[in-house]
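Subject: Structure handover

Hello,

Please find the structure below, followed by notes on what was found in it.

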Amino acid sequence: MATAKKSPAKKAPAKKPAAKKAAPAKKAAPAKKAAPAKKPAAKKAAPAKKAAPAKKAAPAKKPAAKRKPSAAFMKPMTASAALAAVIGNTPMPRTEVTSKLWAYIKKHGLQDAANKRMINADDKLKPVFSGKKQVSMFEMTKLVAGHLS
């Protein structure tokens, strides 16, 4: 599949220079010797077009293989008391913990209006965020991981 991706990259530059070379040949009529040299370049572009149908056949293979989620993400985790106050205390996978946490943040409007990457902590979230008033969404995942076991 890697070779199929490389060949289209070679095709595109081959087509563009051939088109550009044809235009100057028409403008400069006295340069008849240069025109035959450019025609073989056009012949080289023609075989490149034959490789295009092979590219169309390659994407048909991609949908056949479906991706499965990692077992580590789907393992039920137990939340700490501080995190359980926000998302509930039933064991759930990390993906579900993140979904419930974001639902809580959206419901209570805790995402900073000026900088959407920042989360403002309310009374329930402060213990989860190690007492910080505001954390970035990337730091939030790191802090929440400490409350899962």
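Strand β2 covers residues 134-136, and Ser136 belongs to it. Please keep in mind that this is a predicted model. Ser136 counts as buried, because its relative accessibility is 19% and the limit for buried is under 20%. Apart from neighbours within four places in sequence, Ser136 is in contact with Arg117 and Met118. A polar atom of the Ser136 side chain also lies 3.1 Å from the backbone nitrogen of Glu139.

Glu139 takes part in a salt bridge as well: its side chain meets that of Lys132, at 2.3 Å from N to O. The structure holds 1 salt bridge. Side chains of opposite charge can pair when their charged atoms come close. Glu139 is partly exposed, with a relative accessible area of 23%. Lys132 is also partly exposed, at 36% relative accessibility.

Helix α7

Helix α7 runs over residues 137-145. Its buried residues are Met140, Leu143 and Val144. Viewed down the axis of α7, these buried residues fall within an arc of 100°, so they line one face of the helix. The face turned away from that buried side carries the exposed residues Phe138 and Lys142. Among the elements that cover the buried residues of α7 are α5, α6, β1 and β2.

Helix α6

The 14 residues of α6 should span 20 Å at 1.5 Å a residue, and the end C-alpha atoms are 20 Å apart, which agrees. The buried residues of α6 are Val97, Leu101, Tyr104 and Ile105. Seen down the helix axis, they fall within an arc of 100°, so the buried residues of α6 line one face. Their cover includes α5 (81-87), β1 and α7. Lys106 and Lys107 are exposed residues on the face of α6 turned away from the buried side. For Lys106, the relative accessibility is 56%, so this residue counts as exposed. Just after α6, Gly109 takes a positive phi of about 60°.

The core

Which residues have the most contacts inside the largest nonpolar core? They are Leu83, Ile87, Leu101, Leu125, Phe129, Met140 and Val144, in a core of 22 residues. Helices α5, α6 and α7 each supply at least two residues of this core. Leu83 is in contact with Gly88, Val97, Leu101, Val128, Val144, His147 and Leu148, leaving aside its neighbours within four places in sequence.

Gln111 sits in the loop between α6 (94-107) and β1 (118-120). Its side chain makes a polar contact of 3.2 Å with the side chain of Lys106, a residue of helix α6. Beyond its neighbours within four places in sequence, Gln111 is in contact with residues including Trp102, Ile105, Lys116 and Met137. Gln111 also contacts Met118, Ile119 and Asn120. As for Lys106 and Ile119, they are 13 residues apart along the chain, and their C-alpha atoms are separated by 10.0 Å.

The loop between β1 and β2

Lys124 is found in this loop. Is Lys124 buried, exposed or partly exposed? At 42% relative accessibility, Lys124 counts as partly exposed. Lys124 touches Ala82, Ala85, Val86 and Tyr104, not counting residues up to four places away in sequence. Of these, Val86 is 38 residues from Lys124 in sequence, with 6.5 Å between the two C-alpha atoms.

Ser130 has a positive phi of about 60° although it is not a glycine. With a relative accessibility of 52%, Ser130 counts as exposed, because exposed means over 50%.

Regards

Notes:
Residues numbered from 1 in each chain as written. Predicted model: local features only at pLDDT ≥ 70, side-chain atom pairs only at ≥ 80, totals over all residues. Heavy atoms only, no water. Helix = DSSP H or I, 4+ residues; strand = E, 2+ residues; numbered from the N terminus. Polar contact = N/O pair within 3.5 Å; in protein donor to acceptor, adjacent residues only side chain to side chain. Contact = heavy atoms within 4.5 Å. Buried < 20%, exposed > 50% of the residue type's maximum accessible area, 1.4 Å probe, protein only. Salt bridge = Lys/Arg side-chain N within 4 Å of Asp/Glu carboxyl O. Expected span 1.5 Å × (residues − 1). Arc of directions from axis to C-beta. Core = buried A, V, L, I, M, F, W, Y, C linked by side-chain atoms within 4.5 Å.
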